[in-house]
Amino acid sequence: MKHSAVFLLFAAFLTVSCSSPVRITEKDGFVSVVQQSGPELGYCSGSGVSLICRGGRYFKDLDRDGELDVFEDWRRSPAKRSSDLVGKLSVEEMAGLMLCSHMQNVPGTNANHYGGRVFPESGADASDLTDEQKIFLKDNLRSVLLAAVSDLETQVKWNNNVQSYVEGMGHGIPVAILSDPRHHSPSSMEFEAGSGGEISVWPKALAIASTFDPSLVEASARVMADEYRAMGISTALSPQIDIATEPRWWRFDGTYGEDVELTADMARAYCDGFQTSPEGKRIDGVWGYGSVNAMAKHWYGYGAQEGGRDGHFATGEYSVFPGGNLAMHRRAYVDGAFKLNRGTGKVAAVMTGYTILKDQDPSGENVALSFSDRFIGRDLREEAGFDGIVCTDWDVTYDCTDLGCWGKGKPWGVEDLSVAERHYRVLRAGVDQFGGNNETAPLLEAYRIWADNSSEESARERFEQSAYRVLLSMFRVGIFENPYVDYEEARSVVGCPEYMRAGYEAQRKSVIMLKNSGGVLPVGKKAKVYMPKRHYPETFGPWNAHTEDRWDYVVSPELLSGYFDVVSSPEEADVAILMIEGPALNIGYDEADVEAGGNGYVPVSLQYEDYTAVNAREVSLAGGNPLEGFTNRSYRGKTTRTPNRDDMVQVREVKAVMGDRPVIVAIDATKPLVLSEIEPYADAILLSFGLQRQAQLDVIAGIVEPSGLLPMQLPADMETVETQLEDVPFDMECYRDAEGNVYDFAFGLNWSGVIRDSRVEKYGR
């Protein structure tokens, strides 16, 4: 590491020799070059990278050859820089660009090592690179998915450690840090005006869809992009713009609901917000140092899952289209994500869906989307004209060894191929990147297959095509100039009070009031309020997630007492408030059913009471997997139990004690639900999707007026759920409450009654 005195002399030398003002500073081994006539440059003092001066401007000599190459010249367009660099790369370097890593936790899990030891025993800093990360970075991988990190300071240090580690390798290509959505929080988190946080908290996709306000989505995306760039993140694995036409689907709450028009508008706004760089930070049009590449997912039809099962599992590898409605699912892309307003044109990247679109390929082929010439090569590339990055969802090329597997391979429809042959199929389909693949070996083997089947020249040309697209996304957002971030700057941006306040206001706007019998809401501050503890049942989930059985308050008594006069029993209360959750779901498959002689498939229920699927199909629309000896996945006549049935029981028990005194039920859900078991026992009902519960309290207390609208239908019963068509929106009989209101798409109440504003006029049915 050089001393600051040396850098002062170096700065003076550069000013004289290049006759342009420059300020050079070093901090923790990282050099910052701020110049008046060009972008800020950043590099690691120990990487071997130095500066080149041309025409009074400064550039990084990334390949350390003493020459200013086109790809090192930030005055050139991102397209020209990408073209220049891709021609210099080896096949191995290009293969690394075509990988996106497995999910990375910082610090690592017990599956990771630091100098051969697990983290607690290693003495390593949380921000140090794992042995495994060093291996795949040496293998030229340059897109890393950051799944979880302990805190902001660790994230900043880890990002800088990653960038400095690769900077001296090869052509100095930086690492693109990718992230799934991370601007959500536990519902119990409390908001305090003027306070900051780890990151701003915004409504989930389904929740913000409840506002029916694309301008709010764009504003939220702009804030998220600002925070992402401050943390070193340059690619967002979002938005999820699947049309959620199947109400039982596990991933429903990641979508904008079941309406394609609303989803297309939300998708366009989201991508514009993320990809548009503020003035003063622009490089190419509106791309620039404030941009984040968006990756829309999942191309397409993923929201039409038979029985609500999901493509993460072999039991849910089929999307079905009994209504012949596949083309509608495509429109969220071609009418939304591919028609942006702010100048970047189209979303930067598209992620393919996991599933097989059952019998939708005219050729008769039934393979998952990542392997499909029809749906990628022809439909996405040729017909839709998409020339950005196409990335597989994670782990599609690896083997799956059991039907209920999680975190293993998902090679639906191509199980008979080798891993390398699956990579080859993906390449032939027109995909650029392999999600969840840390190893270049199978991709390089796919290169050899291509060369043997065609020619070496053709194989290299195909790799160059994908490498160019990946490099273009990096040059557009400026990480070649400076991939480093500063903790003090990040702390002033990420979770700042202004952004926290904006996110919380958006949460309040997304609360939906479904019922307000007799105008019991809002509740006055002097009211005596009873809120019981909620039963949190023991649960088991993906990635070995486990929660203990317990009873606990949904919001703290201290927070509640800031709104009302809190009492300890319903007998003392003027009003009872119960905060519950929507019915908890299973994945539609149960090993216990197999052990009992069944096929393993069970119903997915949207009600609290035990549910028997008497109206389910006798023969499933799709089925068949090499791990199964049958194709009929029907669950007709089987019964499933909802883990959180006690939520319904508690509402009824409290109402029995309260009598004529109001009972207010605030529900936090992840998808549609059957309300016939709750509504008759509630005088008022609020519905939200993954918010801080305090936002619901603000509505209950009248601090804000409810304005949210339903982004989907709420079914009258499970019979209408079973008989609806998985690919068709708005085909359920909706629940009608005691007030005569029908819980249909775009329904919601405010203090005056049913909302009938411009949003309802534009999107309502």
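Helix 11 (residues 373-383) is followed by Gly385, whose phi is positive, near 65 degrees; helices here are DSSP runs of H or I with at least four residues, strands are E runs of at least two, and both are numbered from the N terminus. At the start of helix 11, a side-chain oxygen of Ser372 comes within 3.3 Å of the backbone nitrogen of Arg374. Within the helix, Arg374, Phe375, Ile376, Gly377, Asp379, Leu380 and Arg381 are buried (under 20% relative accessible area, with exposed meaning over 50% and partly exposed in between, for a 1.4 Å probe and protein chains only). The model is a predicted one, in which local features need pLDDT of at least 70 and side-chain atom pairs count only at pLDDT 80 or more, while totals for chains, interfaces and linings use all residues. Residues are numbered from 1 along each chain as its sequence is written, and side-chain values use heavy atoms, with hydrogens and water left out.

Two helix pairs can be taken together. Packed helices are described by the angle between their axes and the distance between the axes. The axes are lines fitted to C-alpha atoms, for helices over the stretch in contact, and angles run from 0 to 180 degrees between N-to-C directions. Helix 5 (residues 131-138) packs on helix 6 (residues 152-167) at about 40 degrees, with the axes 10 Å apart. The two are therefore oblique to each other (angles under 35 degrees count as roughly parallel, over 145 as roughly antiparallel, 65 to 115 as roughly perpendicular and the rest as oblique). Their crossing is right-handed, that is, the near helix is turned clockwise from the far one by less than a right angle, anticlockwise being left-handed. Gln133, Lys134, Leu137 and Lys138 of helix 5 meet Trp158, Val162, Tyr165 and Val166 of helix 6, contact being heavy atoms within 4.5 Å.

For helix 9 (residues 260-275) and helix 10 (residues 326-337), the angle is about 35 degrees and the axes are 8 Å apart. This crossing, too, is right-handed. Residues of helix 9 including Ala264, Ala267 and Cys271 meet residues of helix 10, among them Met328, Ala332 and Ala337.

Ser291, in the loop between strand 12 (287-288) and strand 13 (293-299), is buried at a relative accessible area of 0%. A polar atom of its side chain lies 2.6 Å from the backbone oxygen of Gln275, and the Ser291 side chain also reaches the backbone nitrogen of Gly288 at 2.9 Å. Asn625 sits in the loop between strand 27 (611-612) and strand 28 (639-640) and is buried at 9%. A polar atom of the Asn625 side chain lies 2.9 Å from the backbone nitrogen of Leu627.

Some backbone details round out the picture. Cis peptide bonds join Val106 to Pro107, with omega about -5 degrees, and Ser238 to Pro239, with omega about 10 degrees. Asp359, although not a glycine, has a positive phi of about 60 degrees and counts as exposed at 52% relative accessibility. Ala746 has a positive phi near 75 degrees, and at 5% relative accessibility this residue counts as buried.

How values were computed
A polar contact is a pair of N or O atoms within 3.5 Å; within protein, one must be able to donate a hydrogen and the other to accept it, and residues adjacent in sequence count only if both atoms are side-chain atoms.
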